[in-house]
Protein chains: 2
Amino acid sequence: MGLKTFFEPKSIAIVGASRHPRKIGNVILRNFLELKYSGNLYVVNPNAEEVLGQKTYNSIKEVPEPVELAIIATPSEKIFSLLEDCSSKKIKEIIVIGAGFSDSGNVKQEEKLKELIKKKKLNVLGPNCLGIYDSYSGIDTLFFPREKLDRPKKGAISLVCQSGSIGAIMIDKMAQENCGIRRFISYGTIGLDESDFIELLGKDDHTKVICLYIENLKDGRKFLDACKRVSKKKPIVAIKTGLPKTKEIKNIYKGAFKQARILQAETLDELFDYARILEKGKRASGNKMQVITNGGGIATRILDELDKVGLKLAELGKQTIEHLHREMPSFVNISNPLNLVADANDERFKIAIESSLQDKGVDALIVSLMPQSPAITINIIKLMKGLYESTEKPMYLVVPGGSFADTIKREFEEHLPSFSSPANAVKAIKALEKYYSSFYVEKPKAKSKTSQK
Amino acid sequence: MGLKTFFEPKSIAIVGASRHPRKIGNVILRNFLELKYSGNLYVVNPNAEEVLGQKTYNSIKEVPEPVELAIIATPSEKIFSLLEDCSSKKIKEIIVIGAGFSDSGNVKQEEKLKELIKKKKLNVLGPNCLGIYDSYSGIDTLFFPREKLDRPKKGAISLVCQSGSIGAIMIDKMAQENCGIRRFISYGTIGLDESDFIELLGKDDHTKVICLYIENLKDGRKFLDACKRVSKKKPIVAIKTGLPKTKEIKNIYKGAFKQARILQAETLDELFDYARILEKGKRASGNKMQVITNGGGIATRILDELDKVGLKLAELGKQTIEHLHREMPSFVNISNPLNLVADANDERFKIAIESSLQDKGVDALIVSLMPQSPAITINIIKLMKGLYESTEKPMYLVVPGGSFADTIKREFEEHLPSFSSPANAVKAIKALEKYYSSFYVEKPKAKSKTSQK
């Protein structure tokens, strides 16, 4: 079967599904039931007749039909016998949620566990992990109730996370920000490692960007080799945390990441922003930006941030300037940044953006838009979508503010990369530029049939 | 009358209150009507009999009673005659909302305006500003509809903003994050300047922190003198944007800010975080932090950030360690960070926090809490409030994630400084530490009557 079974199992056994609603095993089962999982679901709990209306088995060996994936949510001391049971039942793919090995100082037990996994040739995800979320198949082993931790919609970002908590936070934030996900893997401390899944996602057509959170590399050589292979085909963005304290070792990591064409993030916000700009962003033909805004101060902030990272300001062409002088009210100063003034309506934005998109001196647009302005209507969302889709030229939105602005920003995010602050936007734009200038491997052009005619 | 009139006027005239709901003057009037302003409100519009049910006057001179504050929301070309009108009506305090002078290249007109203001001895706020928001008196001249831009509750942060758009964004964000405000002043480009209001807020008992956004200092000497005087009494945090591009000039600014004891922020998020940690934060007796968490990865991120800014990890005392060994489940590793593990409930947090608060080796606590965990209940909010109020020791919360986590974070923010990311939290904690170690001026101890007895 192999690793794909984790994402598309035809039958699942949940071992240790407790009756108590605040226990991890109970939440996992509840999530599967709410999900209306279409495969066969078996519940193993020797201490209860039934859990959440589901018949239980005393042991996984008692399940009468074959099982493809086992999810184990019991305390750590039971793991050994449960893995033996799985093995006799011919289950190779197993997710072990609970902690309690080297993370709690039990190094000896951990060695014993590694030996057992090797001997029985098991594919174990965990222990100390969240397991899997797959937005296509619907598999969701996260022990967080959905009313407390939202799940993202379908998308093209896949997330490989050593830490369960960071994984949960990323998932939650992606859902909140209307950002799509393909697959999520939280792999914990012992069994399968990041490289196994990087290879798998490299071959997955639905994954456009691979996003990594790494604390300790289990096998550095294997990891770099996997990334080198995969990053030829799709971007990899990563945060390496729990960093060694010396500058030398930090630089060694930096160098190795660069060699493997991994875009390195410094904070979780950067990781999130880099992943989504790589998913949606277009390749710019240069680094000259046109800034358009309905608030002067926010444009000044953007300019400061552009200066910090070395991105340039475009100079509008003569034709564009003449056109804008004709079309704009006299109090709009035709320059860069182009401040359309606080009373700018949708139409004024449309004119400014259209003419900047047509200007060859402009490589990309940063549009800082305050939808809070009374002059802006809800039609601005459709307008921006249309403008973004009308061209190959990159355009990014900055939509700063509170609740209303955030709601509009999420709507924009459906169509184009949108940020809530100048600093976040510019750092992400710079990361995208770095990807294309340093890491991107040009694909050999496929011979077009039409051009041969 | 003086500058206080801007915040507590007994009578107001809105000049240029349009009938069109998307026009600035209309929104301002609507906001005043919704607010149920208790003073006398007069509407000036020569082109309409009534606006939003309010009788109009053709000119401010026709208003039969005295007017303390005029709010002018007309195009720039009418400003001169309107200021003359105000002067004959003996109105000294005037807010001019609209732009259209040096911001649009009209330098000559701007000089003329300055002369008129000087000649008539007017206190003009603007042009090109949002005016005033005062959470105590309810005065609100922001031309943003409340359904699009929320207003913060009462608080102790006052905000002085050269840019209207940045001001609006800060106001909106403060409201969203459940952060309180005292007064907001957006002062624009020509009339009154930042120093005038810094002095005023220095004397204002309700203002605990002054927060500044500055593009161009109108009078650098006056500004630094004002800040030096005021920062002896209360913290000032500022962002200087539109920075000159050379490193030398940046360093001159840095030095001058330091001399005036101004805490400098680099981004809007920092400005916001520094202001609220200064408002609520307690003074730590040292820089040794205890990190407590229910997610290992997020604790690792916090450690990386602490390392970046040079904050240290505390070592728990022998007694604390023994106590925690007795009270905690065996799989909890008693150390720093203290990872209570994903299944930690409210009670486990209580025990860990209480014993760290009592430990003399711990100067402050960073509690990273994922309320998404099924084991955490809503009682955690009351619990944290109680713990925070039980001691002088600082405690900070990191509550990362999506919508549910944000909601809980805002509830926490009611009581103690709470952040959504490790990077933001640690930067703010470092800023607070910097304030107390470098800028804070010890108040002379008042002779206590009880001790004299």
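**A pair of tyrosines and its setting**

Guide: Tyr42(A) and Tyr57(A) are both buried. The model in view is a predicted one, and every value given here is computed from it. The rings of Tyr42(A) and Tyr57(A) make an aromatic pair of the edge-to-face kind, with 6.1 Å from centre to centre and an angle of 65° between the planes. Tyr42(A) belongs to strand S2 of chain A, residues 40-44, while Tyr57(A) belongs to strand S4 of chain A, residues 54-57, so the pair ties together parts that lie 15 residues apart in sequence.

The arrangement of a charge over a ring occurs elsewhere in chain A. There, the charged end of Arg182(A) sits over the ring of Tyr136(A), at 4.6 Å from its centre.

Tyr253(B) is partly exposed, with a relative accessible area of 22%, whereas Phe257(B) is buried at 2%. Ring pairs also link Phe6(A), Phe7(A) and Phe197(A) into a cluster.

Val15(B) lies in strand S1 of chain B, residues 11-15. With a relative accessibility of 4%, Val15(B) counts as buried. Leaving aside residues up to four places away in sequence, Val15(B) touches Val44(B), Ile60(B), Ile71(B), Ile72(B), Ala73(B), Thr74(B) and Leu82(B). The C-alpha atom of Val15(B) is 9.5 Å from that of Asn58(B), a residue 43 places away along the chain.

Lys409(A) is found in helix H13 of chain A, residues 403-413. Lys409(A) has a relative accessibility of 4% and therefore counts as buried. Again leaving aside residues up to four places away in sequence, the contacts of Lys409(A) are Glu177(A), Val399(A), Ser418(A), Phe419(A) and Ser420(A).

Chain A is superposed on chain B by a rotation of 180° with 0.0 Å of shift along its axis, at an RMSD of 0.0 Å. The two copies are thus related as by a two-fold rotation axis. Within chain A, the C-alpha nearest that axis belongs to Ser403(A), at 5.7 Å.

The chains also touch. Their contact takes 63 residues from chain A and 64 residues from chain B. Of the interface residues of chain A, 100% are also interface residues in chain B, so the copies meet through the same surface. The area buried between the two chains is about 4,700 Å², and carbon and sulfur atoms give 57% of it. Two salt bridges are found across the interface of chain A and chain B. Lys250(B) forms a salt bridge with Asp307(A), with 3.9 Å between the closest N and O atoms.

Technical notes: Residues are numbered from 1 along each chain as its sequence is written. Chains are lettered from A and ligands numbered from 1 in the order in which they are written. This is a predicted model: local features need pLDDT of at least 70, side-chain atom pairs count only at pLDDT 80 or more; totals for chains, interfaces and linings use all residues. Side-chain values use heavy atoms; hydrogens and water are left out. Copies are superposed by least squares on the C-alpha atoms of residues with pLDDT of at least 70 in both. Contact means heavy atoms within 4.5 Å. Helices (H or I, at least four residues) and strands (E, at least two) are DSSP runs, numbered from the N terminus. Buried means under 20% relative accessible area, exposed over 50%, partly exposed in between (1.4 Å probe, protein chains only). Rings of Phe, Tyr and Trp (its six-membered ring) pair if their centres lie within 6.5 Å; planes under 30 degrees apart count as stacked, over 60 as edge-to-face and the rest as tilted. A charge sits over a ring if NZ of Lys or CZ of Arg is within 6 Å of the ring centre and within 35 degrees of the ring normal. Buried area is the accessible area (1.4 Å probe) that two parts lose on being put together, summed over both. A salt bridge is a side-chain nitrogen of Lys or Arg within 4 Å of a carboxyl oxygen of Asp or Glu.
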